[in-house]
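Dear colleague,

Please find below the sequence and the structure that I am handing over to you. My notes on what was found follow directly after them.

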Amino acid sequence: MSGYAIGKGIPKVDGMGLVTGKPVYTDDLASKNCLIIKILRSPYAFARIKSINIENAKKVPGVECIFTHENVPKYLYTRAGQSYPEPSTYDKYILDEYVRYIGDEVAIVAADTEETALKAIKLIKVDYEVYDPVLDMMKAEESKSKIHFRDRCFMNMDKGFNPEKNIASEYSFEIGGVEEILKSCDVIVNEEYSTQATAHTMMETYRAYSYIDQYGTLVVVSSTQVPFHVRRHVAKSLGIPVNKVRVIKPRIGGGFGGKQNAQAEFYPALVTYKTGKPSKIIYNRRETFESTSSRHAMKIGVTIGSDKNGNIKAIDMKVLSDTGAYGEHASTVLGSAGYKTLPLYNKTKASRFTGKAVYTNRTPGGAFRGYGVTQGTFALESAVNELAYKLNMDPLELREKNMIKKGETSEIFNITTVGAGKNPIIMNSCELEYCVKRGKELIDWDNKFPRIEISSTVIRGVGMAIAMQGSGIPGIDTASATIKLDDGGKFTLLTGAADIGTGSDTILKQIAAEALGISVNSITVFSADTELTPFDVGAYASGTTYFSGNAVKNAAFKMRTMMEEEAARILRIELSEIKFDGVNFKSKDGSKSISLSDLSNKLIYKMPHAQLTATGSFGTVDIAPPFISGFAEVEVDIETGKVDLINFVSIIDCGTVINPKLARIQAEGGIVQGIGMALFEEVKETKLGKLITNSMMQYKIPCRMDINNIIVDFADGYDATGPFGAKSIGEVVTNSVSPAIADAVFNAVGIRIRDLPITPEKVKMLLMKRNRSIL
């Protein structure tokens, strides 16, 4: 039955529509007469609203309503798009008397036009009691300023929540005795690494539209990655039953984790719920930068020890994460920095991870592609590269000696996986050895390592790193899908999975076609409407292909069995005699047959009537991590400090590649985001906490000239737990980029940059400092 759709590079189902401007996005669906919502935002990083006067603003012609903390529902919720009960802090109201960062919400204005709403906002008078903000995560725990109060926040589970010390979460685990093992090591690296906050910069900013339908249901149309979680959060924030809220996800112009937060949806939902009128909000680019979320900035200390032969014996990671003003995703991003990086080196006798996520009065941290693993990988892989240098050993040789291999396990898998049993979790689909070997060939490592002098001022260097990720969240995430047989032998696939531009609608369609044994052209995909499609956690944690794909496969297998049973009944033969070739059901001897089209028409139009519908669900405690190697070749100009990336090679073990074209696009896009984090991107604020990088003029992302040559190849892998052997690819592709580039810079000019991004200023200053020390 193989070969119908898997491994075929078919175009995205919405590809032609995207390039011709036909897809319908959130704003395209909004009615022309809907109320326009604008938000008055805090000018202070930390303050209490002593009084707020909206009388003059209410008098502006065209203003429908104005909401402040005094007249909105007061139900605590989290904006984090996670399965219930969320492991994030419930520390947010729709509006609060306390504002906790510059850009926090103060008042909501709904009017007939944007101009009217903005005019009204200028007339709102607010008297603030201003507090000393916490802007340095290193000082958060001991600060006299307490950002949240225990009677105004809580956590569903014990994750070290301690608002009295501005701690949103603590997380730790240990295997073996790290301290004792380190004492026996011949070579030790003990360094601190810093990763910066970065912005998502998706093309489509945050937006939502709301109306009341004919059944009295509050409908929210949103550019979201997590429609079912948004439905729950909106209902919670308003204090209404979940079944009174419907969320529809149309086409999305990118998310990258940012839209795993419920963000803009609360405001039109509130306005429509209170007024009965349709309303919409569209964040401008400045609001998207200032008032949503960014990647968590982290400081990560790594101590790693080995014997003189390069056998790594102990690794100790200590992490401090800046979750900003609110704690959504704080605990899970923090933990991911450790338990999705340390298993890479499974030969250690001891491993330890300790971490804290602290509140500050900065733009909130949130989900971002890589989800903490990117930060943790930069630190750990940089430390491994430093260890290789101290050992005078090729970093490839050091990894080949210590990294996890096919058929092996790590104790960390069992102690950090929800629902894991006593038996060790074996990596039966790990192709990391191939990834390293193939990457070495494609970058021409033997001829380029460590450096080549291009001229008296330009030097080339190469560097490398490895990484892993997850395929959804085992023991927690779930997905369902429904397949319906329509007349004419066509099928409708109903899925709650959220295609955010990744092509998941196409991937799931291919999986369904493969399981059914039919052409992909026979299937129509309808996705992400909480009223009409089955439950799915949404697009995050690299889980769509693995979790949603398995649910689709299960539904399709059920449907195929049902069709074969009906065909056997109509043909009056035993079920065991039925053969299906994708078009016709036949008896084994070929004497009897019925086409799929005729079968469906008989079932739908004739008696006895039968509408065949099959639903499949999936949830598992299995883990199926993808693996990757990344190799960077850079040129460093020692006169200016400028770093140019010449080549980047990634070899990816994502199991079976469902769609090679879409997989390659995912890989290239993730690598580019990694390049941005490594060399260009950084969220910057003033000393008072006001965002400086609040437009695309100030916030630098890579352009085509910064990327040069990206080479992507795939390992021939297969994971038995995935749909037709597939694992994830969406996030792992970002993780190896920054440590590989950092090591390439070191190998070129001998300076080690441990705090991202690697800017020309940093490189030049370190070169000057080194030269002065030589003199």
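**The sheet around β21**

Strands β21 and β22 are paired in the parallel sense, over five bridges. Here two strands count as paired if DSSP finds at least two bridges between them. Helices (H or I, at least four residues) and strands (E, at least two) are DSSP runs, numbered from the N terminus. Please note that this is a predicted model: local features need pLDDT of at least 70, side-chain atom pairs count only at pLDDT 80 or more, and totals for chains, interfaces and linings use all residues. Residues are numbered from 1 along each chain as its sequence is written, and side-chain values use heavy atoms, with hydrogens and water left out.

The hairpin of β20 and β21 has five residues between the strands, and in it G488 takes a positive phi near 80°.

As background, strands of a sheet pair through backbone hydrogen bonds, either parallel or antiparallel.

Which strands make up the sheet, and in what order? It is an open sheet of four strands, ordered β22-β21-β20-β26, with mixed pairing. Its edge strands are β22 (523-527) and β26 (613-618), each of which pairs on one side only. From one strand to the next, the twist averages 20°. Strand β20 (residues 479-485) runs antiparallel to β26, and six bridges join them; in β26, A614 stands opposite I483.

Two helices are also part of this picture. Helix α15 (residues 504-516) packs on the sheet and touches β20, β21 (491-495) and β22, its direction making about 135° with that of β22. Contact means heavy atoms within 4.5 Å, while axes are lines fitted to C-alpha atoms (for helices over the stretch in contact), with angles from 0 to 180 degrees between N-to-C directions. Helix α16 (residues 544-571) lies across β20, β21 and β26 and runs at about 145° to β26.

Is β21 buried or exposed? Five of the five residues of β21 are buried, so this strand is largely enclosed by the rest of the structure. Buried means under 20% relative accessible area, exposed over 50%, and partly exposed in between (1.4 Å probe, protein chains only). In a regular strand the side chains alternate between the two faces of the sheet. In β21, F491, L493 and T495 are buried on one side, and T492 and L494 are buried on the other.

**Strand β3**

Strand β3 (residues 63-67) is mostly covered, with four of its five residues buried. Its partner is strand β6 (residues 105-111), in the antiparallel sense and over four bridges. Here V109 of β6 stands opposite I66.

**Salt bridges**

How many salt bridges does a search of the whole structure find? The search finds 49, where a salt bridge is a side-chain nitrogen of Lys or Arg within 4 Å of a carboxyl oxygen of Asp or Glu. In one of them, the side chains of D529 and R246 meet at 2.6 Å, N to O. D529 lies in the loop between β22 and α16 and R246 in strand β13, so the pair ties together parts that are 283 residues apart in sequence. D529 counts as buried because its relative accessibility is 3%, and R246 is buried at 16%.

A further salt bridge joins the side chains of E381 and R399 (2.9 Å, N to O). This pair links helix α10 (residues 373-391), which holds E381, to helix α11 (residues 395-402), which holds R399, 18 residues apart. Both E381 and R399 are buried.

D644 and K642 also form a salt bridge, with their closest N and O atoms 2.3 Å apart. D644 is partly exposed, at 29% relative accessible area, and K642 counts as partly exposed at 39%. Finally, R48, D96, E97, R100, E129 and R152 are linked in a network of salt bridges.

**The surroundings of G253**

G253 lies in the loop between β13 (245-248) and α7 (266-275). With a relative accessible area of 18%, G253 is buried. Leaving aside residues up to four places away in sequence, G253 touches Y25, M202, M203, E204 and K259.

With kind regards
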